[in-house]
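Please read it alongside the sequence and the model.

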Amino acid sequence: MADKAKAKPLFVAGRPDATCSFCGKGRDDTRYLVGGKSPTSHICNDCAFDALTCLVEAATREANAAASAAQGYAA
Ligand SMILES: [Zn+2]
């Protein structure tokens, strides 16, 4: 981990001193830092991935529940 090269952000929106609103990482500590609709809200690539994972898991649970319900009606 000591030799881990810091990748420069490929896309940074907002102010140069912007930080991730979720974890507090600054633009030099993350690869992407995306600005939100609010000028003070940003999200880094790590937090965006975590959020996406949560959304996919929730959507999968909903789809599975709907499929189970549909099977129950078909029986
Ligand atoms: Zn973050």
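## Strand pairing

Strand 2 and strand 3 run antiparallel and are joined by three bridges, where strands are DSSP runs of E with at least two residues, helices are DSSP runs of H or I with at least four, both numbered from the N terminus, and two strands pair if DSSP finds at least two bridges between them. A hairpin of six residues connects strand 2 to strand 3, and within this pairing V34 has I43 of strand 3 as its bridge partner.

The model is a predicted one, in which local features need pLDDT of at least 70 and side-chain atom pairs count only at pLDDT 80 or more, while totals for chains, interfaces and linings use all residues. Residues are numbered from 1 along each chain as its sequence is written.

## Overall architecture

The protein chain contains one helix and three strands, and their order along the sequence is β-β-β-α. Of its 75 residues, 13% count as buried, a residue being buried if 20 or more other C-beta atoms lie within 10 Å of its own, exposed if 12 or fewer, and partly exposed in between, with C-beta atoms placed from the backbone.

Two residues are in contact if their C-beta atoms, placed from the backbone, lie within 7 Å; among contacts between residues at least 6 apart in sequence, 18% join residues at least 24 apart.

When neighbours within four places in sequence are left aside, the contacts of I43 are C20, S21, F22, V34, G36 and A48.

## Two arginines in one loop

R15 lies in the loop between strand 1 (11-12) and strand 2, and R27 is found in the loop between strand 1 and strand 2. R15 counts as exposed because it has 12 C-beta neighbours inside 10 Å, whereas R27 counts as buried because it has 22 C-beta neighbours inside 10 Å.

R27 and R15 are 12 residues apart in sequence, with a C-alpha to C-alpha distance of 9.6 Å.
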